[in-house]
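Good morning. Please have a look at the model on the screen before I start.

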Amino acid sequence: MEARISTISKQLSKQELDKKKSRTRLKLVTAGEDKRILQSRVYDVAVIGLGYVGLPLCLAFAKSGASVLGVDVDVSKSTSIQAGKSYIKHIASTDIATAVENKTLSATDDFSKLTNAESILICVPTPLTINRTPDLSYVKNTVKALAPHLREKQLVVLESTTYPGTTDEVVKPILEAGSGLIAGEDFYLAYSPEREDPGNPKSNFSDCPKVIGGLSSVCLEKACSLYERIVKNVVPVSDCKIAEATKLMENIFRSINIALVNELKVIYSQMGINVWEVIQAASTKPFGYMPFYPGPGLGGHCIPIDPFYLSWKALEFGHHTRLIELAGEINTAMPDYVVSRVIDALNDSGKPVKKSRVLILGIAYKADVDDDRESPSYVIMQALEKRGAFVSYNDPHVPVIQPGRSHHAEAGRESVPISNNFDVILLCTNHKEYKEFNFEALNVPLVDCRNASSSRPASYYAA
Ligand SMILES: NC(=O)c1ccc[n+]([C@@H]2O[C@H](COP(=O)([O-])OP(=O)(O)OC[C@H]3O[C@@H](n4cnc5c(N)ncnc54)[C@H](O)[C@@H]3O)[C@@H](O)[C@H]2O)c1
């Protein structure tokens, strides 16, 4: 890793030299000065944004022995942390309580405390606006609130997923204007994307390599040595843009491959071919193939959103991201396909959609998590209700629907038990509870988007 940083440092140092010539505020800070300034810090790391990304990050640093401050505008989150309670289902309260008791973790909504942190990591949302353009308001508001508290020698790392150029073109100027400090000289700035895989018991934080880009070689070194505390491998890259583009490439790759299997699912279904068996057989190829699985549409905070950050930025360079748009089109059409399969199932029972009782299994977008952001289940629910169906849902991970950006109208609805009081059951999310459920005994037509059920009623429809 050191050799890699050294190569990158050489590339960067030429650019830096040019920049330095034109700067009047250039200061050479010795290692001794650095140490003196940093000794006055209280927290090794502060994490702004304590959601699905920020909270596990806090815990990883706390476990490494670092003193961590979590900061969020949502007071309920800092209050829960202080009380040792988790608000994310797959994160254990005991992990938070232990860190709080050991005094390695505390949380607040007070941004002025950030002045006491050696490093500050930003993990706030980056959604799309209603016109599907990047909504950087959370990032901008965060850096505006941070800037007055920024001090010399602090390291700031943006972790939120975003388009290439955000750290240099958006974060840097706001921090500099609000603090009077210069990035790369007075404070350090870097970008490092998160690779969180919520709910996957096999995913281990420290095993997942961390890609890091810095504004300068010193920024890169500072950020690498910070993350080396919590991951086995850091992957230094030449600049922030490369790190930003890397994250987008990973998610665009997923979006496009999911679109491919979704398209094949529809075609193979009409040919009487089970796409799941095809994928299983293709996966035996030891090279050149990687399985992706079809579903009712994209969900979560990443795959349905991130590719369009690049599409927006590409327009600035006169390019239309045609493949990204096409994949988006195919994936967005999946809820309509699922609705058509529900209509088929009802039709075969001699029932119209209007006034039929539909039970959706799974409101969370992904198996065994409570995250329902951008969930296709909401799109399907709304489409069926528009046609006059009475729709209920069951989700062991979402007992009550909380208000959210993609589903205001559904907030407050409660999960109901699985029973035979329905005309059709639609399995949208492959929670482990559904894999084990006896649908055969229930004998209600089942539409299955996930090939999840091992026990199938006589009327079974793949979707
Ligand atoms: N969830 C994932 O699996 C995942 C994986 C990789 C990357 N990401 C990216 O990480 C970023 C964060 O995602 P997330 O899933 O953790 O989001 P989240 O919604 O779960 O959490 C974000 C937190 O930021 C807080 N926040 C919003 N504005 C703030 C502000 N101005 N100051 C302080 N706190 C503020 C919110 O209250 C919330 O607690 C996004 O860019 C996302 O695309 C997410």
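I will go through the ligand site and then the aromatic rings.

This is a predicted model, in which local features need pLDDT of at least 70, side-chain atom pairs count only at pLDDT 80 or more, and totals for chains, interfaces and linings use all residues. Residues are numbered from 1 along each chain as its sequence is written, and side-chain values use heavy atoms, with hydrogens and water left out.

The ligand is surrounded by 26 residues, where near means that a heavy atom of the residue lies within 4 Å of the molecule. The closest are V53, D72, T126, T161 and R373. For polar contacts, meaning pairs of N or O atoms within 3.5 Å, an oxygen atom of the ligand is 2.8 Å from a polar backbone atom of V53. A nitrogen atom of the ligand is 3.0 Å from an N or O atom in the side chain of T142. The protein buries 92% of the 820 Å² that the ligand exposes when taken alone, by the Shrake-Rupley method with a 1.4 Å probe.

Now the rings. The whole structure has six aromatic pairs, with ring centres within 6.5 Å; planes under 30 degrees apart count as stacked, over 60 as edge-to-face and the rest as tilted. F61 and Y227 form a tilted pair, 6.2 Å centre to centre with 50° between the planes. F61 is in helix α3 and Y227 in helix α8, 166 residues apart. Are F61 and Y227 buried or exposed? Both are buried, that is, under 20% relative accessible area, with exposed over 50% and partly exposed in between (1.4 Å probe, protein chains only).

Terms used
A polar contact is a pair of N or O atoms within 3.5 Å; within protein, one must be able to donate a hydrogen and the other to accept it, and residues adjacent in sequence count only if both atoms are side-chain atoms. Helices (H or I, at least four residues) and strands (E, at least two) are DSSP runs, numbered from the N terminus.
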